[in-house]
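Dear colleague,

Please find the structure below, followed by an account of what was found in it.

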Amino acid sequence: MLRELMNTKFRLLYLEGGVRFTRHLSRSIFSVLTFAVFAYLTYAVVEFATSYLIVQAKIGLFLYHRLLALALFVFFAIISIANILVAFVTIFRNSETEFLHTLPISPVEIFVSKFLDSFLYSSALMIVLILAAVAGYAGFFGNPIVAIVGVLFSILPLIISAACVGAIMLLLVLMASRWLSIKALVLGLTLIYAASTYSYVVLNNPFRLFTDVMKYYPHIDKYLGVLDPKLDYFAPSFWSANYFYFATTGNLWGATISASIVCAVAGFLFYVMVKLAQRHYEEAYWVAKHKLFERRVKALADPFVQGAGRRRGRISLLRRDFLLFIREPSQTFHFAVLMALIGVFLMNLFEMRIYLPDRFIISSAFTLIYAFNSFLIVSLAVRFVYPMLSLEGETMWLMRSSPVKLQNLFYAKLLPAIMFLSIVGGVFGLAAPSPFRNFHGLITVSTLYGAVGGIVFPSVVMIFGGAFVDYKEKNAVRISSSHGATVSLLVSVGIMVILSSVVFSQAILCFSSGGAAPVDESRAWILAFAAVAAFYVARLFGLRALKTDL
Amino acid sequence: MLELNSLTKRFGSFTAVNDVSMKIKAGEIYGFLGPNGAGKTTTIKMIATLLKPTAGSVLINGIDAHKYPEKAKQYLSYVPDQPFLYEKLSGLEFLRFVSTIYGMTEDRAAVSIREVSEIFEVTPWLGRRIEDYSQGMRQRLVLAAAFLHKPKLLVIDEPMVGLDPKGAETFKSQVKSVAREGAAIFMTTHQLSLAREVCTRVGIINSSRLVYEGSMQELSGDGVEELEKRYLQLTA
């Protein structure tokens, strides 16, 4: 039965994909081009970074692969968290799942098929980028066999492990929600993820590792396993990176053992997940469907009452979107997690002190912080702004048949998002220069560019939200992990790279002159123009989406 | 109140509605009948401005609904065949929201909400979220929202979906009542008995063309059986 389910799923994916491709040809070609450009850029960046670290910085093969392990761990944690959300909406709160429950299919088969569905649905970008990154790695070391085997027996099992951990956590949370409040459980889960990521990063501090490895110079290509914290052995990402180290250094036995461990962990986690699902999925499904968010609206009679006249109509659109947002657990949960992460990151920024002698390196460090800030804004935009138009969904009949100006409806969505993200961007801008000495000159530049990001990114994301609008899908998480959302993420990252390069040139000026960094007026005008242009293009696409035939 | 002029909708090479014209006066209850796939919902969606016509125009109270949508839709209420609503709002919040988008004052909204909620018997459910409503209760809520701002033109696609006999009775008497007060009603239905009971005029669409238009009396003669016979002849 599971096979039939998956066959149908693949056929649908293939057929729908084909129909969608031909129906929206220009859109599809643009998507393919964006993916291709990003895949190439990823390939080039990984190859360049590897070449720089090994040839220029001479950090040695061991340290390089420990940095790879760190990156893979972060990657593992991100996939795992993302899968908790995607699995929740796909496996538990989905109309197709509801339909499958009416058929003579065992619950565990439904669980596994929907698990694979959620895994495939949100992984297109990830798989493309991973393949490109591994190709970049192989490009430098000149060993494609290592890369192909690595993707199949090291990276793929790692991704499966991460997805399984996410699904297991989700099942445990749903089961535990019978005794504990969901808020406490979500908080607990967030703390577990935050603590484990923090401990791992502290234990594997790259600066400390660098110092320790350099004590063995010139034998820094050798396997210096004595330096590894024992806790690392429990992280599949560690073994995944080890595979690449051993395979590249020609130690086939080590590579085989490492890959076997990653595969065994994936198999074990998958087995545990299926066993857990066999015992508890059906119960967890009903908890998620009925009990988890059981609540009654009491005396919520007045949110649309205050105000008068035309203004009242406009405000009621804002209030409606706000209420729908705060009452949708998948939205508030993800928002709370992202805001908590931003809070932690900001606190760290204010406390951090970076002393680097070289103006190029210090400017790069500052630009990296700026880029990371921007990436957080892009993530917020893709997750929450992209689905805004699609979320009007099948209730769009009401807006379209009533005397609401669609322009007002559009503004009620984009303007609050821009306001919020500009403030977040501005605060990031204030915090970004604080780890550096002589940073005061950078504050204006950094805040300005941060705030501009807060206008440009949601606008760009909204352009794609409009171009790829889907009124049939009503789940925000699925909308924000769709194909169009991925394209919007890639394009935003492209813009982020351009903005970062401008920030870098300003940072170089500042750190060269000992603190002064006047805002370059012509650049500021170009930025202002770009922000206004992005907003108007977003308006164009947004209105077109709102006026589309229903 | 409603005027369709050579209304046409094509989807690629397929013509869903072909050159449909009609006029509906204030106080009329117009039944728009036809077999599945004939073009009823497409026509209704063009009236409610959910679909843009390929050719022709829709005038609501003399205003072109596709050129001046906000102005024209002040007079319109639309009830779709499937009542998709904001699941996370309560019934009362939904009705209040509808009152604001139609620009009703607070006082008028409060009186009207009480009135329509009682008529359609949704008052006990108003505090609950719509996600808890049954199909029939949703339909009652949508109908209550449609009557809320006392529209001049009521466009209803399959009004009886999910309604129990009492709800159906309420709907019929309410439709007759607003028509007496001067509103025009345009509705599609597959229930010929309903059309016979409430409609004053009838249009029949078949294979995208309007094949019959006339008074209910002319079409049905003495009863539902005659209506069924004529309907089957016209749509054969």
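B:Ser208 sits in the loop that links β9 and β10 of chain B; helices (H or I, at least four residues) and strands (E, at least two) are DSSP runs, numbered from the N terminus. The model is a predicted one, in which local features need pLDDT of at least 70 and side-chain atom pairs count only at pLDDT 80 or more, while totals for chains, interfaces and linings use all residues. Residues are numbered from 1 along each chain as its sequence is written, chains are lettered from A and ligands numbered from 1 in the order in which they are written, and side-chain values use heavy atoms, with hydrogens and water left out.

Most residues other than glycine have a negative phi. B:Ser208, although not a glycine, has a positive phi of about 75 degrees. B:Ser208 counts as buried because its relative accessibility is 8%; buried means under 20% relative accessible area, exposed over 50%, and partly exposed in between (1.4 Å probe, protein chains only). B:Glu158, also not a glycine, has a positive phi of about 50 degrees. This residue, B:Glu158, belongs to the loop between β7 and α6 (165-180) of chain B, and with a relative accessibility of 15% B:Glu158 counts as buried.

The six-stranded sheet of chain B

In chain B, six strands make an open sheet with mixed pairing, in the order β6-β7-β8-β3-β9-β10; two strands pair if DSSP finds at least two bridges between them. At the edges are β6 (76-79) and β10 (209-215) of chain B, each of which pairs on one side only. From one strand to the next, the twist averages 15 degrees; axes are lines fitted to C-alpha atoms, for helices over the stretch in contact, and angles run from 0 to 180 degrees between N-to-C directions.

Strand β7 (residues 153-157) of chain B runs parallel to strand β8 (residues 184-188) of chain B, and five bridges join them. In that pairing, B:Ile156 has B:Met187 of β8(B) as its bridge partner, and B:Leu154 has B:Ile185 of β8(B). β7(B) also pairs with β6(B) in the parallel sense, over four bridges, where B:Ser77 stands opposite B:Leu154 of β7(B). What is the burial of β7(B)? Five of its five residues are buried: B:Leu153, B:Val155 and B:Asp157 point one way, and B:Leu154 and B:Ile156 the other way.

Helix α1(B) lies across β3 (29-33), β6, β7, β8 and β9 (201-206) of chain B, and runs at about 150 degrees to β7(B).

The four-stranded sheet of chain B

Another open sheet in chain B has four strands in the order β2-β1-β4-β5, with antiparallel pairing. Its edge strands, β2 (14-24) and β5 (63-64) of chain B, each pair on one side only. Helix α1 (residues 40-47) of chain B packs on this sheet, touching β1, β2 and β4 of chain B, and its direction makes about 120 degrees with that of β1(B); contact means heavy atoms within 4.5 Å. Between the antiparallel strands β1 (residues 2-11) and β4 (residues 55-60) of chain B there are five bridges, and B:Glu3 is partnered by B:Leu59 of β4(B).

Helix packing in chain A

Helices α17 (residues 406-431) and α18 (residues 440-467) of chain A pack at an angle of about 150 degrees, with their axes 7 Å apart. That angle makes α17(A) roughly antiparallel to α18(A); angles under 35 degrees count as roughly parallel, over 145 as roughly antiparallel, 65 to 115 as roughly perpendicular and the rest as oblique. The crossing of these two helices, α17(A) and α18(A), is right-handed; a crossing is left-handed if the near helix is turned anticlockwise from the far one by less than a right angle, and right-handed if clockwise. Their contact residues comprise ten nonpolar, nine polar and one charged; Ala, Val, Leu, Ile, Met, Phe, Trp, Tyr, Cys and Pro count as nonpolar, Asp, Glu, Lys and Arg as charged, and the others, Gly among them, as polar.

A:Ser422 lies in helix α17 of chain A and is buried, with a relative accessible area of 16%. A:Ser422 touches A:Ala451, A:Gly454 and A:Ile455, not counting residues up to four places away in sequence.

α18(A) also packs with helix α21 (residues 521-546) of chain A, at an angle of about 25 degrees and with the axes 8 Å apart. α18(A) and α21(A) are therefore roughly parallel to each other, and their crossing is left-handed. The contact of α18(A) with α21(A) has 18 nonpolar, two polar and one charged residues.

With kind regards
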